[in-house]
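Here is a report on local contacts, strand pairing and ring geometry. Read it beside the sequence and the model.

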Amino acid sequence: MISSSPNDITPVFESILDNAVSLCDSPTSAIFRYDGELVDLVATRNWPSGAMLETLRARYPMLPDPKLMSGRPLLSGRTEHEEDALSDQEYENDVARAGGWRRMLGVPIKRGDTLLGTFVVTWPTPGRTPERQVQLLETFADQAAVAIENIRLFNETKEALERQTATAEILEVISRSQTDLQPVFDTIAANAMRLCDGDQGVVFTFDGELIHRGSITAMTPEEEDVASRAWPSPADMGTATGRAILTCST
């Protein structure tokens, strides 16, 4: 599944959850992602009820919470055992009661020392999770980390290629537009907007006194009318363009 989904983590998570509930005789499992600050619920299997799931999902993303199994492995950096969530005064008992679980296991998803998420499996009866199941679920968590890392590398490579392609396109336009700057400005604005997922891409020029509009992409007729009346204009601190010119900085 990892090899066949180089840019989509969802099938990998679904496969991990399916195998966890099947091989460990668990009715409920979940995977949470962690961005270094907030933890978010991203995949579940066999949740007790849609209403309960939506209630819990509405709480995420959130800071890792020691009262929930989604947070404990992230705070400790190790596998966390919960033999009976209902008798643990430090656990949020109402969540366990609504979810119908007592025994729980939370495994951190890690790449080296970097925490990427939590893999949680639950059971309706109390007790200690057998070591063979712990080892299996830790293996699944390692595989989740591999999948997350693969997608990160895939996206980084894709982004680098897109940047190289955009740079080459701009250089090509420069080489064939030596007496006309407009195609260059248009290409820069369009590529900036696309690569940065922006609403508009804008290029301005400055003649030492006035700011001139060089190119603006994705404007409505109404916005175009406003823009045509707004420039040229003196540089001042009332606009981002003016600030960049007056401070000579981003």
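## Aromatic pairs

The structure holds two aromatic pairs. Rings of Phe, Tyr and Trp (its six-membered ring) pair if their centres lie within 6.5 Å; planes under 30 degrees apart count as stacked, over 60 as edge-to-face and the rest as tilted. Phe32 and Tyr60 form a tilted pair, because their ring centres are 5.4 Å apart and their planes stand at 45°. This pair links distant parts of the chain, 28 residues apart: Phe32 sits in strand S1, and Tyr60 in the loop between helix H2 (50-57) and helix H3 (72-76). Helices (H or I, at least four residues) and strands (E, at least two) are DSSP runs, numbered from the N terminus. Both Phe32 and Tyr60 are buried. Buried means under 20% relative accessible area, exposed over 50%, partly exposed in between (1.4 Å probe, protein chains only).

The rings of Phe204 and Trp231 have centres 4.7 Å apart and planes at 50°, so this pair is tilted. Phe204 lies in strand S6, and Trp231 in the loop between helix H7 (221-230) and strand S8 (233-234), so the pair ties together parts that are 27 residues apart in sequence. Phe204 is partly exposed, at a relative accessible area of 23%. Trp231 is partly exposed, at 25%.

## Basis of the values

This is a predicted model: local features need pLDDT of at least 70, side-chain atom pairs count only at pLDDT 80 or more, and totals for chains, interfaces and linings use all residues. Residues are numbered from 1 along each chain as its sequence is written, and side-chain values use heavy atoms, with hydrogens and water left out.

## Charge over a ring

Arg103 lies over the face of Trp123, at 3.9 Å from the ring centre. The rule asks for NZ of Lys or CZ of Arg within 6 Å of the ring centre and within 35 degrees of the ring normal.

Strand S1 covers residues 28-34. Six of its seven residues are buried. Two strands pair if DSSP finds at least two bridges between them. S1 pairs with strand S5 (residues 114-123) in the antiparallel sense, over six bridges. Here Arg33 has Gly117 in S5 as its bridge partner.

S1 also pairs with S2, antiparallel, over six bridges. Phe32 stands opposite Leu41 in S2. The hairpin of S1 and S2 has four residues between the strands. In this hairpin, Gly36 takes a positive phi near 100°.

Which side chains does the side chain of Arg45 meet in polar contacts? One is that of Glu14, at 2.3 Å. Another is that of Asp18, at 2.6 Å. A polar contact is a pair of N or O atoms within 3.5 Å; within protein, one must be able to donate a hydrogen and the other to accept it, and residues adjacent in sequence count only if both atoms are side-chain atoms.

Arg45 belongs to strand S2 (residues 39-45). Arg45 counts as buried because its relative accessibility is 15%. Leaving out residues up to four places away in sequence, Arg45 touches Glu14, Leu17, Asp18, Val21, Pro27, Thr28 and Ser29. Contact means heavy atoms within 4.5 Å.

## The S6-S7-S8 sheet

Three strands form an open sheet in the order S6-S7-S8, with antiparallel pairing. S6 and S8 stand at the edges with a single partner strand each, so one side of each is left without a neighbour in the sheet. Five bridges join S6 (residues 202-206) to S7 (residues 210-216). Val202 has Ile216 in S7 as its bridge partner. Three residues lie between the strands in the hairpin of S6 and S7, where Gly208 takes a positive phi near 105°.

S7 and S8 pair over two bridges, again antiparallel. Leu210 stands opposite Pro234 in S8.

## Glu223 and the cysteines

Glu223 lies in helix H7. Glu223 counts as partly exposed, at 34% relative accessibility. Leaving out residues up to four places away in sequence, Glu223 touches Gln200 and Ala218.

How many disulfides does the rule give? The count comes to zero, where a disulfide is a pair of cysteine sulfur atoms within 2.5 Å. Cys196 is exposed, at 63% relative accessibility. Cys248 is exposed, with a relative accessible area of 71%.
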